[in-house]
Amino acid sequence: MFELAKQRLEPVFKHIVVDEEVVERLSIAKRSIIASIPVRMDNGELRIFTGYRVQYDDTRGPTKGGIRYHPRVNLDEVTSLSFWMTVKCAIAGLPFGGAKGGITVNPKELSNLELERLSRGYIRAFSDVIGEDQDIPAPDVYTNATIMGWMANEYAVLNRRQVPSMITGKPLHLGGSEGRESATGLGALFVLNEYATRHDWLRSETTVAVQGFGNVGYHFARLAQAQGYRVVAVSDSKGAIYSPTGLNIEDVYRYKHREHQLASVYCEGSVCQLLEFDILTNDELLELNVDVLVLAALENQITQLNAEHIQAKTVLEIANGPVTPPADEILQENGTVIIPDVLANSGGVIVSYFEWVQNKAGFYWSKEEVEKRLKEKISREAKTVFDQAKTYDCSIRTAAYIHGIERLAGAIDQTGNRQYFAKSRQAESS
Ligand code: NAD
């Protein structure tokens with residue numbers, strides 16, 4: 001996975017020249033740590049879990065990146081995600097480097113008390129290398145605000161002082177930020193709006209299908225509909241629903257939460273009959289003929305196996321790495337425009353940065369203030385990336401990487417490179 005992730009840099013170096021030392025620096029993580037996390041289970045047994053923290057590059061500031069709980073978490077995956085975080089923070093212009101962490105675990109098999117002990121164990125294992133000016137974790141797949149709250153508390157216990165800025169994505173009353181929960185979906189919508197404005201799209205005629213109806217996908221779908229887009233299909237891991245005239249996202253959300261899956265929307269009687277839709281498979285949703293296909297579930301969803309069947313004119317990547325590099329080439333050849341993850345999903349880390357700033361200042365902003373600042377920041381970076389795609393006549397993904405790598409290379413160069421030291425040696429000897 002990491003080798004595939006780094007392949008994204010190859011087209012960048014065809015357009016911009018960076019010092020060889022920069023390429024070398026960016027090809028290997030600064031620090032990768034694997035730790036054992038012993039947890040006393042409710043039945044009295046001791047179980048040893050494996051935890052990871054990879055701090056990829058900290059030239060631009062303390063590293064930043066989420067903690068994932070998943071049975072498939074491994075060093076390769078965490079390294080790839082930390083590399084993407086490095087590029088993403090640079091594209092977003094945040095004063096952060098990139099990191100990622102995780103535990104190999106199926107959290108659904110643990111009781112809440114076991115989950116709390118595991119989360120506190122993660123902080124005990126990594127407390128020497130994380131901190132408000134060192135490395136700042138956040139939630140990722142299967143971790144949430146409650147877990148961030150436990151982690152902040154464990155860190156406070158170990159350090160005998162409150163340090164809320166050591167972690168972001170906390171519950172609101174424990175130092176979290178207004179607007180954090182919907183930030184990734186809202187940020188992706190601001191990026192799409194920027195693209196839509198440039199291409200004179202009429203929102204009411206723009207059809208959107210959303211894969212993944214979790215935190216990010218739900219907020220994106222809800223806000224996109226509120227801003228006039230026609231959201232015609234959504235899916236979760238158990239199935240998809242489709243209505244060519246558009247779904248009512250709030251109704252869908254209510255039904256899903258009552259029964260815990262979108263399949264619950266396939267009910268009969270009373271309110272359900274007000275909704276008209278077809279049932280699709282997950283694969284059928286991906287292959288719908290829509291203007292925008294939003295990928296908000298997991299990585300590797302469009303691969304060589306299904307890329308030829310994708311009919312959407314634009315793919316908006318909110319999940320990390322949902323399109324593999326070979327599939328990317330096929331989509332491009334077929335004229336599909338991809339708005340890439342490193343730009344489209346940066347709203348989450350931008351508002352995490354706002355949370356960190358608010359914690360450090362001890363001064364908290366309203367939701368309106370957070371959303372206004374998010375809009376300004378992400379729209380500005382999106383404009384630059386779309387302009388660069390024109391300037392370099394390249395894909396939006398390559399343009400986004402160019403934008404991020406230019407910032408990273410600038411920072412690495414400013415620490416001194418071989419030309420700088422050669423010149424200073426010459427000056428000393430003359
Ligand atoms: P989540 O767990 O809340 O939601 C994931 C959703 O995807 C669930 O509804 C699940 O049922 C669905 N899903 C899983 N497999 C599917 C499939 N094959 N087809 C259709 N749906 C499927 O997670 P989330 O926080 O919404 O994150 C989603 C993605 O966005 C992840 O890749 C995550 O790394 C990325 N991301 C999240 C944030 C954030 O702030 N939460 C920030 C940046 C990137």
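Author: Let's begin with R8 and D328, which form a salt bridge in this predicted model. Their closest N and O atoms are 2.8 Å apart. R8 sits in the loop between α1 (2-7) and α2 (12-15), while D328 belongs to helix α11 (residues 325-333), so the pair ties together parts that are 320 residues apart in sequence. Both R8 and D328 are buried.

A second pair to look at is E299 with R68, whose side chains meet in a salt bridge at 3.5 Å, N to O. E299 lies in the loop between β10 (292-295) and β11 (314-317), and R68 is in strand β3 (residues 63-70), so this bridge links parts that are 231 residues apart in sequence. E299 has a relative accessible area of 10%, which means that E299 is buried, given that the limit is under 20%. R68 is buried as well, with a relative accessible area of 5%.

Now turn to helix α14 (residues 367-391), where E371 and K367 are 4 residues apart and therefore separated by about one helical turn. The side chains of E371 and K367 meet in a salt bridge with an N to O distance of 4.0 Å. E371 has 25% relative accessibility and counts as partly exposed. K367 is also partly exposed, its relative accessible area being 36%. Back at the R8 and D328 pair, salt bridges with shared partners join R8, E317, D328, D341 and R397 into one network. Taking a salt bridge as a side-chain nitrogen of Lys or Arg within 4 Å of a carboxyl oxygen of Asp or Glu, the count comes to 26 salt bridges.

Next, the ligand. It is surrounded by 23 residues, and the closest are T184, N215, V216, S237 and N320. Those 23 divide into 8 nonpolar, 11 polar and 4 charged residues. Domain 1 (33-174) and domain 2 (183-344) both give residues to this shell, so the ligand lies between them. Two elements that each supply at least two residues of the shell are α8 (215-226) and β7 (230-236).

A polar side-chain atom of R180 lies 3.5 Å from an oxygen atom of the ligand. D236 takes part through its backbone, with an N or O atom 3.4 Å from a nitrogen atom of the ligand. S237 also contributes a backbone N or O atom, and this one is 3.0 Å from an oxygen atom of the ligand. On its own, the ligand has 830 Å² of accessible area, and the protein covers 80% of that.

Finally, the backbone. Most residues other than glycine have a negative phi. Against that background, take R160, where phi is near 55°, a positive value in a residue other than glycine. R160 lies in the loop between α6 (145-159) and α7 (183-198). With a relative accessible area of 76%, R160 is exposed. D393 is another residue other than glycine with a positive phi, here near 50°. The loop between α14 and α15 (396-414) holds D393, and at 69% relative accessibility D393 counts as exposed. If you are browsing from helix α14, where E371 and K367 sit, the loop with D393 can be found between α14 and α15.

Conventions
Residues are numbered from 1 along each chain as its sequence is written. This is a predicted model: local features need pLDDT of at least 70, side-chain atom pairs count only at pLDDT 80 or more; totals for chains, interfaces and linings use all residues. Side-chain values use heavy atoms; hydrogens and water are left out. A residue is near a molecule or strand if one of its heavy atoms lies within 4 Å of it. A polar contact is a pair of N or O atoms within 3.5 Å; within protein, one must be able to donate a hydrogen and the other to accept it, and residues adjacent in sequence count only if both atoms are side-chain atoms. Accessible areas come from the Shrake-Rupley method with a 1.4 Å probe; for residues, only the protein chains shown count as cover. Ala, Val, Leu, Ile, Met, Phe, Trp, Tyr, Cys and Pro count as nonpolar, Asp, Glu, Lys and Arg as charged, and the others, Gly among them, as polar. Domain bounds come from an automatic or database domain assignment. Buried means under 20% relative accessible area, exposed over 50%, partly exposed in between (1.4 Å probe, protein chains only).
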